[in-house]
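Biologist: Could you take a close look at one part for me, the place where the two chains meet? I'd like the cut-offs spelled out as you go.

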Number of protein chains: 2
Amino acid sequence: MAKAVTIALDAMGGDHGPGVVVPAALQALERHDRLRVALVGDADTLRGEMTRSGHGEHPRVFVVHASQTIGMDESPSQALRLKKDSSMRVAVNMVKDGDADAAVSAGNTGALMATARYVLKTLPGIDRPAICTTMPSIGGFSRMLDLGANVDCSAEHLFQFGVMGAVLAEALDGVDRPRVGLLNIGEEEIKGNDQVKQAAQILNESRLNYVGYVEGDDIFKGTADIIVCDGFVGNVALKTSEGVAHIIAHYMSEEFRRNPLTKLAGLVALPVLRRFRQRIDPRQFNGASLLGLRGIVLKSHGSADTTAFAHAVETAMMEVDAAVPALIDERLDQLLSERQES
Amino acid sequence: MAKAVTIALDAMGGDHGPGVVVPAALQALERHDRLRVALVGDADTLRGEMTRSGHGEHPRVFVVHASQTIGMDESPSQALRLKKDSSMRVAVNMVKDGDADAAVSAGNTGALMATARYVLKTLPGIDRPAICTTMPSIGGFSRMLDLGANVDCSAEHLFQFGVMGAVLAEALDGVDRPRVGLLNIGEEEIKGNDQVKQAAQILNESRLNYVGYVEGDDIFKGTADIIVCDGFVGNVALKTSEGVAHIIAHYMSEEFRRNPLTKLAGLVALPVLRRFRQRIDPRQFNGASLLGLRGIVLKSHGSADTTAFAHAVETAMMEVDAAVPALIDERLDQLLSERQES
């Protein structure tokens, strides 16, 4: 049996706070006997939430008090400076101190990245941590990074993202030699901007399985296992995807509600539509990895529900089992020394 | 009645060439008595296509011979240098010479932009032309630019895109004081990159109806009438949208084909699904405007079918009626002189 894992949860973060984090923790605990959970936040609130969930005490849950919370709109630097006893900060501190194997937060992304970077530090050879998420694709899924931690990226940063993404795909998805694609556009004579062109050269000369440029629609085609881009582009692509999925669902719902006849058709088609919805359910992809740090931190979507947050906790467990930070360190070291030799 | 309009069609461009362009032209001609069409390309082929369509002669169609065609993968500079008698070049030349009011091509985007820019030149005060397309949104649609003509944009370029987009929304959509949004991400402390931040300031100080930063999902929410971004980001957002729509359609079709029961449900739901498909049909948005030039040029999607290409021709007619380049010139002049006065 795999070894015990302790995950520290920022129980106050996200749109729903303890109301989602506590039941999500209980859901994950029920599924995994080897999981222990630290609920970090206002102790009274958390104990109240445990009681409400019918678990006044749980042998694998311990509450860690933190007196502050970080607002969703608070600036990262302010959070870092003024909220040293925030639930987010205390959860990340636990990872640093070895009291937890990983931290999960649905709080403010900028604050989480700044906190994780400040507390845990980056791995040697990694200039900037990146945020990596899973995107559905025909035949499976791909992983995309960065998603907003870094708006301007050099070629070397993009290369490092490629390394980190490849390690994640190998470790979590069991992909052998994951295909790394560089997000670009097809319209310019000599494609893309300077950083992307230089990154292509570095990736091409490395021993990563670099498959070349990919375009926005390739994210969903399964052309690559890893999609590398700067944080500005990645964030726009991610939000755009969410927007398209939302408007399509909106239109479909409107059409089925148009009149009694279409409602009847909707009723007949309901089981199919439900299966379809399950397949595009973003909850199954919840849990973005903050990569490049000396520790494991996952970001849950702010609006995640219990199922979604529990999925993020399980992804954190997988990263712990695989020791992702050590793997990234090792792989980067290897690739950089190969580069020097050649 | 509105005045006669002559549109030059690059009849050899796109994935389907004359097989789509000729019937699309005939479709538009049937709808609009005041439309005249120049079919530009290999004269024999085009006359053959006219005959095949049952119109050996059409009083409002004239064929203009061009001996060359530009491949979809040809480099813009090569096309410009070596293909001086291409169907695309000759069509754009007709606009410059006043023989046509606008040109429409489904050919190579990069080559079309380079040709249009070289032949027609940009308007005074416009540094770079941009490509602008329509995106569906809840309650209507928005227009987004740039979509790939310019990978790196200064703040001033982004401001110019805002002006051009606003003019288009006023002229074609009849929107009073169109809301201009600047595409950005929500994750960074002080949002976005330097260019975007500076562009926000310029837009804010102008008399455009600037509504602030928007994110990827806002494109489809109707938060703004005009979405301004650099060509790299815009192209990724556009292609990503296409990719999401495609994978959703793919999943849905798979679910309805799963077994006889789901097929039956699909049959019952067919009229609803058909209406739904019509609403997200990209053909109704076909025809991207090349803005900032001293003439009207539209880019049709390379894979456009007859309906889609005819739509691009009709959009070109609307731009001719509104005299879009003159309006952009006028508005930019006005905004820049206001800026100097203040």
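Modeller: Contact here means heavy atoms within 4.5 Å. This is a predicted model, where local features need pLDDT of at least 70, side-chain atom pairs count only at pLDDT 80 or more, and totals for chains, interfaces and linings use all residues. Residues are numbered from 1 along each chain as its sequence is written, chains are lettered from A in the order in which they are written, and side-chain values use heavy atoms, with hydrogens and water left out.

On to the interface. Chain B puts in 62 residues, and chain A puts in 62 residues. Of the interface residues of chain B, 100% are also interface residues in chain A, so the copies meet through the same surface.

Eight salt bridges cross between chain B and chain A, a salt bridge being a side-chain nitrogen of Lys or Arg within 4 Å of a carboxyl oxygen of Asp or Glu. One of them pairs R279(A) with E255(B), with the closest N and O atoms 3.0 Å apart. On the chain B side, α8 (231–256), α9 (260–279), α3 (76–82), α5 (109–120) and β5 (130–137) each give two or more residues; helices (H or I, at least four residues) and strands (E, at least two) are DSSP runs, numbered from the N terminus. The top contributor is α8(B), with 21 residues. By type, that side of chain B splits into 29 nonpolar, 21 polar and twelve charged residues, where Ala, Val, Leu, Ile, Met, Phe, Trp, Tyr, Cys and Pro count as nonpolar, Asp, Glu, Lys and Arg as charged, and the others, Gly among them, as polar.

Back to E255(B): its side chain also meets R258(B) in a salt bridge (2.9 Å, N to O). E255(B) has 1% relative accessibility and counts as buried, whereas R258(B), at 41%, is partly exposed; buried means under 20% relative accessible area, exposed over 50%, partly exposed in between (1.4 Å probe, protein chains only). Elsewhere, a network of salt bridges links E254(A), E255(A) and R258(A) with R275(B) and R279(B).
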